[in-house]
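Student: I would like to learn how to read the features of a protein model. Could we take them one at a time, with the general idea and then the case?

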Amino acid sequence: MAERSEAPGLLPGRWHLSRETFMRVFPGISVSLLVAVAAQFLSEHYGAPAMLMALLLGLALNFLADEGTRTRAGIEISAKTVLRIGVALLGARISIQMLDDLGGAMILLIIGGVLATILFGLAVGALFGRGWRLSLLTAGAVAICGASAAMAIAAVLPKTDKSERNLAFTVIAVTILSTIAMILYPVLSGWFGFTALQSGVFLGGTIHDVAQVVGAGFSINAEVGETATVVKLIRVAMLAPVVLIFSLAIRARGFEPNPAEGRRPPLLPGFVTGFLILACLNSIGAIPALLAGLLEELSRWALLTAIAAVGIKTSLIKMFEVGGSAVGLVVTQTVFLAALMLAGLYFMA
């Protein structure tokens with residue numbers, strides 16, 4: 001009888017804890033999601049990039065992340081946990097079949113462009129007087145997939161008091177540059193006389209964000225748009241191995257874990273594992289097209305909510321502390337990637 005009377009008593013306690021936690025994080029998560037919805041509305045009605053809108057709207061609400069506010073805990077969860085869920089779900093977009101129509105030479109050019117840009121970005125960072133953390137963050141964002149890559153890389157970098165500021169700056173910079181490239185690069189493709197395949201490889205291999213790649217490619221024609229999207233997704237597929245390499249390198253350098261976590265991070269971050277599992281399942285056809293589309297949409301909303309939370313956590317005043325050299329760094333990395341892809345396509349012609 002004693003055991004029977006004890007069991008019911010545990011359930012209310014567990015429910016109370018669960019309800020308490022929910023009520024603690026709900027306001028902040030709701031605010032982040034509402035900012036994401038507003039950003040999506042602005043994007044659909046005025047053509048502005050949703051990621052950029054979410055970040056800018058979030059910056060205007062920085063007071064909601066102040067110490068002691070009811071929304072602080074949920075905003076922290078959105079900026080970290082929701083972010084990692086969004087990156088993991090990106091794996092549902094990746095499939096090995098994407099490689100079939102491009103050919104080995106083009107694939108090597110795409111992969112080489114990613115790796116060379118990251119190495120160049122790290123090397124040139126010192127010339128601009130920037131630390132390796134910001135150089136790695138911006139180079140990875142430029143080389144792989146813009147804001148999504150920036151958020152994934154930021155999740156494994158050792159935390160400092162400038163981490164949130166650097167991430168917010170990187171997202172703004174690559175989104176603006178990606179929008180400029182969406183307008184300029186199709187003109188360059190025509191000026192160089194590229195074929196549909198070459199144009200698709202150039203656009204997909206250089207523009208930072210997926211949405212802008214799609215916009216640039218289909219502004220020429222459907223064939224270029226489809227090729228550019230496939231090329232871009234190959235760059236997205238490199239997110240997991242690149243983040244793993246970064247994580248191993250950071251561990252090898254002996255950096256301490258984030259004090260808030262109090263433990264050493266795993267060798268392979270959980271969100272990277274999720275990304276790889278979904279990519280493998282999608283490659284063998286285990287994920288139905290309808291489910292893959294749903295996961296892709298969930299990923300987009302998770303990342304949009306996360307970047308809104310990052311914006312809320314970031315002080316606009318601190319953003320200006322980044323300095324003009326950081327802008328020069330991202331622009332230089334972007335120009336390097338474009339020049340490298342143009343040179344590769346020229347010599348392969």
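Student: How much of helix α8 is buried?

Tutor: Buried means under 20% relative accessible area, exposed over 50%, and partly exposed in between, with a 1.4 Å probe and protein chains only. Helices (H or I, at least four residues) and strands (E, at least two) are DSSP runs, numbered from the N terminus. In α8 (residues 196–206), ten of the eleven residues are buried, so the helix is largely enclosed by the rest of the structure. Among them are Gln198, Val201, Phe202 and Leu203. The model is predicted: local features need pLDDT of at least 70, side-chain atom pairs count only at pLDDT 80 or more, and totals for chains, interfaces and linings use all residues. Residues are numbered from 1 along each chain as its sequence is written, and side-chain values use heavy atoms, with hydrogens and water left out.

Student: What covers the buried residues of α8?

Tutor: Contact means heavy atoms within 4.5 Å. The cover includes α4 (104–127), α7, α9, α10 (222–237) and α15 (324–348).

Student: How many helices and strands does the protein have?

Tutor: The protein has 15 helices and zero strands. Of its 349 residues, 49% count as buried. Among contacts with a separation of 6 or more, 79% are between residues 24 or more positions apart.

Student: At what angle do α2 and α13 pack?

Tutor: Axes are lines fitted to C-alpha atoms, for helices over the stretch in contact, and angles run from 0 to 180 degrees between N-to-C directions. The angle between α2 and α13 is about 30 degrees, and their axes are 6 Å apart. A crossing is left-handed if the near helix is turned anticlockwise from the far one by less than a right angle, and right-handed if clockwise. α2 passes α13 in a right-handed crossing. Residues making the contact include Met51, Ala54 and Leu55 of α2 and Leu304, Ile307 and Ala308 of α13.

Student: Which classes of residue make up the contact of α2 with α13?

Tutor: Ala, Val, Leu, Ile, Met, Phe, Trp, Tyr, Cys and Pro count as nonpolar, Asp, Glu, Lys and Arg as charged, and the others, Gly among them, as polar. This contact has eleven nonpolar, two polar and no charged residues.

Student: At what angle do the axes of α5 and α6 cross?

Tutor: The axes of α5 (residues 132–143) and α6 cross at roughly 145 degrees and come within 7 Å. This crossing is right-handed. The contact has seven nonpolar, two polar and no charged residues.

Student: Is Gly74 buried or exposed?

Tutor: Gly74 is buried, with a relative accessible area of 0%. Gly74 is in helix α3 (residues 72–89). Leaving out residues up to four places away in sequence, Gly74 touches Arg24, Val25, Gly28 and Ile29.

Student: How far apart are the C-alpha atoms of Lys313 and Glu164?

Tutor: They are separated by 7.2 Å, although the residues are 149 apart along the chain. Lys313 is in helix α13. Beyond neighbours within four places in sequence, Lys313 is in contact with residues including Asn62, Glu76 and Glu164.

Student: Which element gives the largest share of the lining of the second largest pocket?

Tutor: On a 1 Å grid over the protein atoms alone, a pocket is an open set of points where a 1.4 Å probe fits, with protein on both sides within 12 Å along at least five of seven lines; lining residues have an atom within 4 Å of a point. The largest share, six residues, comes from α13. By class, the lining has 13 nonpolar, eight polar and five charged residues.
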